[in-house]
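Visitor: Please put the model up. I have some questions about its elements and contacts.

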2 protein chains.
Amino acid sequence: MVDNKEIIIYDSTLRDGAQAGGISYTLEDKLKIVDRLDKFGVKFIEAGNPGSNVKDQEFFARVKKMKLKNAKLIAFGSTRRVGISVKDDPNIQSLIAADTEAVAIFGKSWDFHVKEVLKTTEDENLQMIYDTIKYLKSLGKYVVFDAEHFFDGYKNNKKYALETLKVANEAGADSLDLCDTNGGTFPMDIYNITKEVVEMFPGTLIGIHCHNDTGMAVANSIMAVLAGARQVQGTINGYGERCGNADLITLIPNLQLKLGFKCVPDENIKHLTSLSRYVAEIANMIPNERAPYVGAYAFTHKAGMHIDAVKKNPASFEHIDPEIVGNTRRIVLSEVAGRSTVLDKIREIDPTVTKDSPITKEIIDELKRLENEGYQFESAEASFEMLIRKKLGLYQPFFTLKEFKVLINEPAVEYSSSAIVKIAVDGVTAITAAEGDGPVHALDSALRKALEKFYPELKEVHLVDYKVRVLNAETATAAKVRVLIESTDGKDTWTTVGVSTDIVNASWIALVDSLEYKLCKEKVGK
Amino acid sequence: MVDNKEIIIYDSTLRDGAQAGGISYTLEDKLKIVDRLDKFGVKFIEAGNPGSNVKDQEFFARVKKMKLKNAKLIAFGSTRRVGISVKDDPNIQSLIAADTEAVAIFGKSWDFHVKEVLKTTEDENLQMIYDTIKYLKSLGKYVVFDAEHFFDGYKNNKKYALETLKVANEAGADSLDLCDTNGGTFPMDIYNITKEVVEMFPGTLIGIHCHNDTGMAVANSIMAVLAGARQVQGTINGYGERCGNADLITLIPNLQLKLGFKCVPDENIKHLTSLSRYVAEIANMIPNERAPYVGAYAFTHKAGMHIDAVKKNPASFEHIDPEIVGNTRRIVLSEVAGRSTVLDKIREIDPTVTKDSPITKEIIDELKRLENEGYQFESAEASFEMLIRKKLGLYQPFFTLKEFKVLINEPAVEYSSSAIVKIAVDGVTAITAAEGDGPVHALDSALRKALEKFYPELKEVHLVDYKVRVLNAETATAAKVRVLIESTDGKDTWTTVGVSTDIVNASWIALVDSLEYKLCKEKVGK
């Protein structure tokens with residue numbers, strides 16, 4: 001078993017991951033995630049706890065109709081309750097009603113929990129584990145045994161913790177999964193304890209389930225694999241109760257690209273970044289920009305000397321080629337990026353500019369001034385390009401704003417907001433009005449209505465993302481806000497930025513930059 | 001040395017941390033952080049790279065005037081350039097001009113970098129290391145040698161990597177700090193290689209500096225300490241180039257609370273949470289809610305059975321007492337939290353309600369409906385309390401909104417926005433107007449102006465935080481937004497929430513909840 005390099009990836013994004021603070025999936029969300037996980041190639045999808053959650057019961061009814069290619073679904077539940085028979089336990093019955101080929105049963109391995117939480121005897125707990133697994137095996141289920149708090153249990157009462165595994169094994173469990181439920185165990189201990197268990201149950205599949213309360217979940221999972229565990233539980237982006245679970249998005253490339261194990265088909269590793277962002281989007285969590293492998297900053301170089309070295313040879317400051325995991329290299333614009341990065345951007349527009357041209361210093365100074373005001377061009381390269389064009393005299397205003405007014409009314413009749421925009425193009429004035437859900441929506445609609453008369457190509461442009469960041473929140477409703485707008489014309493995608501104490505004004509700045517960028521691209525060429 | 005349990009904490013928040021994407025410190029920011037780090041008890045504060053950054057030169061001039069209690073400041077720079085003498089190297093001269101007692105010098109330990117980036121010979125690189133350290137020692141400096149890419153170098157050309165350390169040691173370096181610059185090394189390798197170095201240089205202080213590109217920075221730092229390293233480099237919240245550095249906020253309690261090492265005075269461990277949030281605030285980064293020890297969710301329990309167990313005994317699902325690190329336990333409201341948590345909240349207001357009262361189900365259903373709409377009560381308990389009061393019939397409206405209008409004008413004269421609010425209190429109508437920076441500010445001012453006539457106690461209420469989250473960004477400017485408002489009356493602090501497709505309306509909902517919560521507290525009592 002231990003010579004085998006195949007790792008069974010056991011995903012719990014939809015169960016332990018759904019217990020994360022701030023996360024709440026709809027039934028449709030869960031079905032979408034199941035589909036993506038299956039395509040990615042995980043072997044087990046632990047998708048809910050039908051005993052504790054009505055929504056999960058509906059989910060299992062719906063998910064049955066999906067045809068999965070790679071994964072088996074797992075319904076999750078606890079051992080039978082104290083003092084009743086398995087058949088009379090409503091949670092066990094909902095587990096069976098979920099009608100999955102495989103189930104996971106968690107049982108207590110820490111004597112402290114048996115006493116303090118279950119309030120029963122050590123023997124009854126062993127019997128609960130045995131009865132539950134034996135019963136589910138008699139129904140033909142594939143049974144995973146989650147030894148809850150196994151490592152804490154081992155440290156407190158080694159004999160009893162191991163006894164719970166033995167009982168589960170005798171009852172016919174298909175794997176014994178060791179859980180560091182409170183996340184307080186360290187790598188060397190995980191290694192030594194897992195090794196002892198692997199040696200104690202030759203031929204039995206041993207799994208690992210780590211929590212991140214001390215920041216060790218991924219490292220601990222790796223140590224368990226090195227000690228012989230061959231099933232790894234975790235979640236996409238590490239979501240989960242408290243500080244979360246082992247992050248499969250870090251763990252899978254670590255095991256597969258670095259340590260020679262096989263977790264998912266090789267050709268799927270390039271989907272890691274999109275999988276991570278897809279789940280973050282559905283979970284409505286802000287993606288971690290600094291996440292290993294997949295974060296927006298994971299292959300982003302900011303310090304001047306790093307940038308210079310990466311230009312000479314990317315391996316100098318990159319542990320892998322970002323394309324392997326579907327990510328991209330980025331060189332950011334900022335005061336520590338150094339002159340040469342800014343110069344490269346300028347020369348993309350005007351190749352005659354050199355580092356000693358006065359305009360180079362002028363642009364760098366303007367960049368610094370705007371960064372001090374709260375602008376960030378790291379993710380708003382279209383706005384930065386417009387700034388350079390303006391400084392180089394390569395910008396012609398496509399329109400002039402005369403004025404806009406937005407009126408918000410409560411109670412609302414149909415839409416809460418209406419906007420009037422007055423612009424001029426080549427001396428011709430246009431005044432338009434539009435309604436919208438909120439002031440920014442109304443203003444966006446009115447501006448487009450006005451401009452599309454003159455520039456029909458703007459009809460292709462759609463906004464795909466709109467982000468608001470409050471900058472100095474301590475002044476509350478008068479705080480500065482930064483708005484980022486991502487736009488597309490179906491071919492390209494670009495991001496623009498606006499900063500103001502007024503969210504409508506900040507949105508306006510970013511909106512105008514976006515539309516002018518598109519017009520520049522069309523009229524002037526790039 | 002290795003028997004010694006004292007760890008020297010070497011903070012690089014203001015140097016490597018400032019190279020993080022999205023972070024840009026002002027000079028004042030840096031001075032504030034130096035003060036906090038010094039009070040917290042770190043031994044070294046690597047605060048800038050005066051050779052590459054003019055702002056850092058000003059910073060060192062200013063910071064000299066501060067009286068530090070615990071920490072020594074470090075100016076950071078590279079070995080002399082290829083082919084020139086140390087005295088002629090402008091970077092080395094700026095390093096000296098920084099006038100710190102201690103300096104850190106990074107030099108290349110990976111032959112690949114010597115060839116590909118420096119484009120020089122292996123011998124010249126050794127000479128550069130030697131000359132630079134020797135010169136700085138001759139000026140009486142305390143010199144840290146950062147062996148850049150040491151682990152990659154060791155794996156590629158062990159003999160040469162070790163040679164760079166020997167040369168630095170011979171030149172008089174006070175410590176040899178092994179850097180996993182690309183963050184691609186795994187715990188067992190870190191342990192074995194560090195151990196070899198520790199044994200090779202008995203009596204010399206060995207340091208470790210890890211990057212997080214494979215999620216291993218904290219685990220790797222711990223393994224290095226177990227192997228005998230006694231100086232640990234890292235940053236607050238793990239900020240740094242790409243995926244960041246070893247996170248001192250996780251590493252310090254791991255070493256000090258769990259593994260018996262001594263990093264900072266014991267009495268300062270309770271400031272970990274506030275230190276983490278303080279630096280996040282200054283860096284203007286969203287705090288990681290799932291951060292070990294200090295995250296808002298680190299001791300937050302959501303699943304029903306976890307909540308029940310924690311009520312019986314907190315140790316059941318908590319690896320430490322949250323108060324030790326200055327954090328707090330939270331039980332959240334959500335569909336998986338189970339009836340008993342919601343019931344506890346209801347019974348705080350009306351102790352006669354039981355789990356079988358029809359009102360309990362009604363409130364849970366309403367909670368679920370609102371969560372589906374995008375509300376989140378996890379961090380908005382005041383709004384949840386208002387919801388319960390309304391359902392229980394214990395709510396009397398303190399005022400009735402007749403209408404509000406907000407007008408936004410561009411170009412603005414003084415303020416961009418003005419608002420008119422018309423309300424009624426006990427049949428008396430009041431109509432007020434106010435201006436503001438943006439629509440929400442204007443509306444907030446007008447509403448308060450109207451209400452303070454009737455309820456002077458509202459003068460005590462101030463907003464302390466205002467957060468905007470775009471919920472379904474794919475519909476861009478017509479997306480739903482969730483607004484969280486944190487308010488205080490000087491004694492208590494409470495958070496309210498509003499959701500709408502219109503940011504002004506969402507803000508209005510949260511604002512009204514906040515003011516009514518205050519009035520409830522005063523009039524009805526709690």
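Visitor: Which residues of α9(B) are buried?
Guide: This is a predicted model, where local features need pLDDT of at least 70, side-chain atom pairs count only at pLDDT 80 or more, and totals for chains, interfaces and linings use all residues. Residues are numbered from 1 along each chain as its sequence is written, with chains lettered from A and ligands numbered from 1 in the order in which they are written. Buried means 20 or more other C-beta atoms within 10 Å of the residue's own, C-beta atoms being placed from the backbone; exposed means 12 or fewer, and partly exposed lies in between. By that test, the buried residues in α9(B) are Ala217(B), Val218(B), Ala219(B), Asn220(B), Ser221(B), Ile222(B), Met223(B), Ala224(B), Val225(B) and Leu226(B).

Visitor: Why is helix α9 of chain B described as largely enclosed?
Guide: Helices (H or I, at least four residues) and strands (E, at least two) are DSSP runs, numbered from the N terminus. Helix α9 of chain B covers residues 217-226. It is largely enclosed by the rest of the structure because the buried residues number 10 of the 10.

Visitor: Which residue with positive phi follows α9(B)?
Guide: Its phi is near 120°. The residue is Gly228(B).

Visitor: How many residues of strand β5 of chain B are buried?
Guide: Strand β5 of chain B spans residues 142-148 and is mostly covered. The buried count is six of its seven residues.

Visitor: Which residue stands opposite Phe145(B) in β6(B)?
Guide: Two strands pair if DSSP finds at least two bridges between them. β5(B) runs parallel to β4 (102-108) of chain B, with seven bridges, and Ala104(B) has Val144(B) as its bridge partner. Four bridges join β5(B) to β6 (175-180) of chain B, also running parallel. Opposite Phe145(B) stands Leu176(B).

Visitor: Which element gives the most to the side of chain A that touches chain B?
Guide: Contact is scored when C-beta atoms, placed from the backbone, lie within 7 Å. The contact takes 98 residues from chain A and 99 residues from chain B. Eight residues come from the top contributor, β11(A).

Visitor: What is the bridge partner of Asn409(A) in β11(B)?
Guide: β11(A) pairs with β11 (400-410) of chain B over seven bridges, in the antiparallel sense. Asn409(A) is partnered by Lys405(B).

Visitor: What angle does the direction of helix α17 make with that of β16(A)?
Guide: An open sheet in chain A has three strands in the order β14-β15-β16, with antiparallel pairing. Its edge strands are β14 (462-470) and β16 (493-500), each pairing on one side only. Helix α17 (503-523) of chain A packs on the sheet, touching β14, β15 and β16. With axes fitted to C-alpha atoms, for helices over the stretch in contact, and angles running from 0 to 180 degrees between N-to-C directions, the value is about 150°.

Visitor: Which residue stands opposite Thr488(A) in β16(A)?
Guide: Strand β15 (481-488) of chain A runs antiparallel to β16(A), and eight bridges join them. Thr488(A) faces Thr493(A).

Visitor: How far apart are the centres of domain 1 and domain 2 of chain A?
Guide: Domain bounds come from an automatic or database domain assignment. For chain A it gives domain 1 (8-264) and domain 2 (300-374). Taken over C-alpha atoms, the centres are separated by 46 Å.

Definitions and conventions
Two residues are in contact if their C-beta atoms, placed from the backbone, lie within 7 Å.
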